Amino acid sequence: MARNQLDTLYRFEKDKEAKAAQQLQAAELDYQQNLERLKGVGEYRLEYMRRLSERSKEGVDSSVFNHFHSFVNKLDQAGEQVKIAIEQSKAMMEKRKQQWLMQRQKVQAVEHLREIQLKKEAQVEMRKEQKMFDEIATQQFIRRAR
């Protein structure tokens with residue numbers, strides 16, 4: 001494969017790697033945001049339960065207690081939904097990581113091919129230079145011998 005073809009392939013694969021890295025970053029951010037959401041729901045639930053505990057010391061009627069209980073159930077449901085979102089975002093993050101790693105391997109393979117091609121070109125160039133120097137030396141020897 002010619003070097004300019006390898007260079008084109010390298011740029012193409014490098015661009016795909018950059019896109020894969022961006023997708024991985026987005027998936028990691030989504031995962032972190034879901035973890036923060038779960039933490040927030042948990043903290044809010046604890047605060048709400050603390051309020052219920054304080055109010056129950058003063059005495060609460062059944063409708064207020066039912067309201068508190070209903071709201072805590074909704075917070076629990078929200079927490080479960082966020083846990084599902086966490087699992088989904090974690091799976092997506094792992095998928096994106098694998099895609100990025102595979103693309104990174106492709107880039108490294110093309111880099112290796114480019115290095116081999118550059119070495120071959122350098123060897124050809126060195127042979128040409130050596131042949132030219134040999135020819136010059138031969139010409140000088142012939143001129144001196146005359």
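Q105 lies in helix α2, where helices (H or I, at least four residues) are DSSP runs numbered from the N terminus. At 54% relative accessibility, Q105 counts as exposed, a label for residues over 50%, with buried under 20% and partly exposed in between (1.4 Å probe, protein chains only).

The model is a predicted one, in which local features need pLDDT of at least 70 and side-chain atom pairs count only at pLDDT 80 or more, whereas totals for chains, interfaces and linings use all residues. Residues are numbered from 1 along each chain as its sequence is written, and side-chain values use heavy atoms, with hydrogens and water left out.

Two packed helices are described by the angle between their axes and the distance between the axes. Here the axes of α1 and α2 come within 7 Å and cross at roughly 165°; axes are lines fitted to C-alpha atoms, for helices over the stretch in contact, and angles run from 0 to 180 degrees between N-to-C directions.

Now to the aromatic side chains. Rings of Phe, Tyr and Trp (its six-membered ring) pair if their centres lie within 6.5 Å, with planes under 30 degrees apart stacked, over 60 edge-to-face and the rest tilted. By this rule the count comes to four aromatic pairs. One of them joins Y48 and F68, whose ring centres are 4.9 Å apart with planes at 40°, so this pair is tilted. Y48 belongs to helix α1 (residues 3-58) and F68 to helix α2 (residues 62-145), 20 residues apart. Y48 is buried at 9% relative accessibility, and F68 is buried at 6%. Together with Y44 and F71, these residues form one aromatic cluster.

Elsewhere, the charged end of R114 sits over the ring of Y10, 4.2 Å from its centre; this requires CZ of Arg or NZ of Lys within 6 Å of the ring centre and within 35 degrees of the ring normal.

Methods:
Helices (H or I, at least four residues) and strands (E, at least two) are DSSP runs, numbered from the N terminus.
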